[in-house]
Amino acid sequence: MTDPALESVDDFAQRARAWVVDHLPERGDDSLSEHELQALLFDAGFAGIAMPREYGGAGLTLRHQQAFYDRAAQGHRVPTVFSVSIAILGVTLLDAGDEVLKKRHLPRILRGDERWIQLLSEPSGGSDMAAALSRLDRDDDGWILNGAKMWSTAAMSADWGMCLARTDFTVPKHAGLTMVAVPLKNTPGVTIQPIRHANGVEADFCQEFFDDVRIPADHVIGEVNEGWKVSKILIAHERLAAGGAAHGYGLTARSEGGGGARTADPAVLVEVARRRRSTVGLRQRIADAYIERRVSKFANERIATGIRIGALEPGWGSIVKLHMGMNSPRESKIALAVHGCDGVVWDGDEPVAGNAGEDWVISRGPALGGGSNEMQRNLLSERLLGLPREPARDVDTPFAESLRQRSRDT
Amino acid sequence: MRFELSDEQELFRQTVRRFLETEAPLSTIREKWYLSTGFDKNWWQRAAGLGWTSLMVSEADGGGCLSGLPACDAAILAEEIGRSCGPGPFLPVSVAAFAISAYGSAEQRSALLPGIVDGTSTATWGLAEAGDAWTVDDLDTTVAADGEDVVVRGRKLYVEAANAVDWVLVTGTSSRGITQVVVPAGTPGMTVQAGRSVDLVRRFGTVTLDDVRLPATAVVGEIGCAAEAVERQLELALLLQCAQANGAVGELFDRTVDYAKYRYAFGRPIGAYQALKHRFADMLQRLEFARAIADSAALAFDRAHVCADGSAEAHELARIAKAYVFDAGLDIIDDCVQINGGIGVTWEHDAHVFSRRVALDRALYGAPELHKDALVDELGLVAR
């Protein structure tokens, strides 16, 4: 299967280890920024390990990449904030973009000099992305973008967005969409606002407004009116990333990053329970919380391995996602029970973030973001179990007609 | 979905499946309900001929597994037995054989294991006592040294295939600690009260040991030193139960998904309704997690006991697997019965056959509640 001309995974891991020991700071050493760290990797040829050389990658395989994160990088700090930019947007650009876009952006994405995000969901609909209302209208040789996007992670610090917008309202919804690259920094007409979470904290995701934003013609990714095809590629990469088989980041980096609220951490639950006068009714629930986290570690690793070696199709990543979405509120309820009054009442005149009560009010987040539990269930039952697809009323109707129908219905 | 099987393991799995489908098909299980032993001894010898009873016996004792990871191989077999709710004392024989091979004297190994390996003899393990007691520190059965002999007194309950086996591995206490002895069937003072279980083909019994006098050579390992052996036996029993349950639950799940594709109501297959699709997705998630933890527990057992690496993890994962697999398994079966509709609660439909097996193994070797309680203790929250 592997190209004999390629460096063996073991040789690569040894070479990488020697470099890591000399160059990467140890874990816990914060002397370098994430960007500096990523640039260091790129300049040494360890960013985009499985990406082609002509775009700044190392031209190796995902196995090499995994060896880097699992073996070579052990005990050392690796950057973690570029996973979306590289493993989802960068790879989508690689698959769908033309040479001009790839040559211009991929090396900068891999070096961390440019951060990309996706601009798919809108305030009017999160799950039904093909019903996007944002529009691109022709303007001389380019386009004018108007509309709003929502739930975009880390948009405040992003440089570019991959934006799905409508270029033709006279055809059915999937046929009139186009994907464009939108510069987000210092661009006239672009407004980015953070969304405030239910716990009062300004979240990592944002809402973006586009008012007459000029988009040059060469910013179109793929073909005009074939944006849905590009977004399917994007979503497939997102799913791979969720399953831990993404470009750019190894499994270790991911599985350490995942997990629920600290107040529901089983070690915390045990600690808190020991301080209680009574643990009546709590012991089995603490065991349940502990068991779910332990089992998910093994299940997630196994599914990620299966996807990576090609034994499982990427749709299996939805099992991991669905569990995360179900377990977050479930264990948060257990945390409420175990922390009891001390989780919801405290001394002092200041709001406190991060107690069991505040964690509880945002615990549905993982059940909604990145594809709701219901979307994962549709996907699992249709793609993996082969059950009939949900009927959609609007797939053959010109989108403008669907909109008219919608206003008649409501 | 197992995707990491070697070619050899895959071949073994297919051989087991074919053997069960032709020589003990699920369609005949209702007839076996009327047999007193639930399995045919000639059939068991043919199964042994395929390697069923060799896996947990070391090569030096005439056994051997496929991959060097005996519990992983045995789990493949257990899963297939679960798929067809196969008969036979695979679990207790495997545990008893493992105990003798790993901890028995040279005499015990050469006297007891050849018959196990070729299937001419069978064995079981007597651990639990009255009151659903599966905890080792809580045993009333005693083994007392008396000159050249030992005297065993106690009552062992829920002993699988007790009425059919040639010898019973009995776990008791002595003044020096946990002790295990081999009690041959028919030893004076030993009586077996035959019993049944909710499973159609697995028989049980109560073994009463009324001052049973045995030569001291019947003790497995040193007197008082069996705590570790018992712990490992329990881990093995738990992980085989889990693999078997996953086989049974997975089979019923697959059949139910198929049924939902072809059963029509109101002009659509019932599997087209989101109310059912979403339940299937939830079931699939738990089934996959159950498979992952059962496989991980088997691998941890082999790592700990073949490679001497991480016995604490093996211990914990066996408990976690038992709790997760059976909580999930019963819920999945319950949902599948509902989706199969009225036919799902008839004698003719196989749903109850799978359901029976899982309900039985849920209780044996400690229910999820027991293992969760122990887990919480081990996490440092001691019950008070």
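Domain bounds here come from an automatic or database domain assignment. With that in mind, let's walk through this predicted model, starting with chain A. Chain A is split into domain 1 (9-111), domain 2 (116-226) and domain 3 (258-384).

How far apart are the centres of domain 2 and domain 3 of chain A? Taken over C-alpha atoms, the distance is 31 Å. The two domains do touch: seven residues of domain 2 of chain A are in contact with eight residues of domain 3 of chain A. On the domain 2 side, the residues sort into three nonpolar and four polar, with no charged ones.

Now look at where the chains meet. Chain A brings 34 residues to the contact and chain B brings 32. Which elements of chain A give two or more residues to the side that touches chain B? They are helix 8 (266-275), helix 9 (283-308), helix 10 (317-339) and helix 13 (373-384). Helix 9 of chain A supplies the largest share, with 13 residues. Sort this side of chain A by class and you get 19 nonpolar, eight polar and seven charged residues.

Over in chain B, find helix 4, which runs through residues 70-83. Its 14 residues reach 20 Å from the first C-alpha to the last, close to the 20 Å expected at 1.5 Å a residue. Helix 4 of chain B is mostly covered, and 14 of its 14 residues are buried. After this helix comes B:Cys85, with a positive phi near 45°.

That brings us to backbone angles. Most residues other than glycine have a negative phi. A:Trp151 has a positive one, near 70°, and B:Asp211 has one of about 50°. Both sit in strands: A:Trp151 is in strand 3 (residues 142-153) of chain A, while B:Asp211 is in strand 7 (residues 204-215) of chain B.

Are these two residues buried or exposed? A residue is buried if 20 or more other C-beta atoms lie within 10 Å of its own, and exposed if 12 or fewer do. A:Trp151 has 20 such neighbours, so it counts as buried. B:Asp211 has 12, so it counts as exposed.

One last stop is B:Asp137, in the loop between strand 1 (123-126) and strand 2 (142-146) of chain B. B:Asp137 counts as exposed because it has 7 C-beta neighbours inside 10 Å. From B:Asp137 to B:Gly64 is 73 residues in sequence, and 33 Å in space from C-alpha to C-alpha.

Conventions: Residues numbered from 1 in each chain as written. Chains lettered and ligands numbered in written order. Predicted model: local features only at pLDDT ≥ 70, side-chain atom pairs only at ≥ 80, totals over all residues. Helix = DSSP H or I, 4+ residues; strand = E, 2+ residues; numbered from the N terminus. Expected span 1.5 Å × (residues − 1). Nonpolar A, V, L, I, M, F, W, Y, C, P; charged D, E, K, R; others polar.
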